[in-house]
Amino acid sequence: MLHRGEESTDGADGELTVPMAWLYAEYIADELLRTGDLMPPTSFEFRAGRDALALTIFLSDTDGELSGIRVVTQLETWLSLTAYDQPWQEWVRGRLTELAVVAAESGRPAPDLDLADEAWRWLQETELLAPDLNAVPGGAPVVGEDEGPKVWTPAWQLGLPLGHLAIHLF
């Protein structure tokens, strides 16, 4: 179905521009996390993992063609990008800036980029209560999950390792 109207069109022929690349990246991230069964899909932690992983998948696609056939071949790339010692946050900012410049030069709407920006904004601005791993003296195990010290953590700092672990478990 075509949607006509000034706000929802790309200006060329009146057709709605569907953000397929972002939606596909989000679908892949969702499937990886569900397969790993690490968090309930209704939790904020799951959303943080899905958004961090979807950003990684979307932004690492330099050819602009996410392909279902290539998903397995991309797992190593996504693992390296989400690894603990990588500057993921800076990489995301840089790629979003690059894509924004390309979109501005083309003059066409970029709904995929808009959704990626929205996910990135949520990951940065939202804080989730998480275990404070630095506060456990000597790294001693805590008896219950909810018994240890907690600290407010930006969602991306929780979602990124969750996404990384989901890729490993896949």
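Accessible areas here come from the Shrake-Rupley method with a 1.4 Å probe. On that basis, the protein exposes about 10,400 Å² of accessible surface. Carbon and sulfur atoms hold 54% of that area. The model is a predicted one.

Start with the fold. The protein has 6 helices and 2 strands. Read from the N terminus, the order is α-α-α-α-α-β-β-α. Of its 170 residues, 37% count as buried. Now take the contacts with a separation of 6 or more: 70% of them join residues 24 or more positions apart.

Next, the aromatic rings. The structure contains 4 aromatic pairs. One of them is Trp22 with Phe58: the ring centres lie 5.7 Å apart and the planes meet at 80°, so this pair is edge-to-face. The angle decides the label, because planes over 60 degrees apart count as edge-to-face. Trp22 sits in helix H1 (residues 20–36) and Phe58 in helix H2 (residues 44–60). The two are 36 residues apart, and their pair links distant parts of the chain. Both Trp22 and Phe58 are buried.

Trp88 and Trp120 also form an edge-to-face pair, with 5.6 Å from centre to centre and 70° between the planes. Trp88 belongs to helix H4 (residues 88–106) and Trp120 to helix H5 (residues 111–125), so the pair ties together parts 32 residues apart in sequence. Trp88 is buried, as is Trp120.

Finally, a charge over a ring. Arg47 lies over the face of Trp122, 3.9 Å from the ring centre.

Methods: Residues numbered from 1 in each chain as written. Predicted model: local features only at pLDDT ≥ 70, side-chain atom pairs only at ≥ 80, totals over all residues. Heavy atoms only, no water. Helix = DSSP H or I, 4+ residues; strand = E, 2+ residues; numbered from the N terminus. Buried < 20%, exposed > 50% of the residue type's maximum accessible area, 1.4 Å probe, protein only. Contact = heavy atoms within 4.5 Å. Phe/Tyr/Trp six-rings, centres within 6.5 Å; stacked < 30°, edge-to-face > 60°. Lys NZ or Arg CZ within 6 Å of the ring centre and 35° of its normal.
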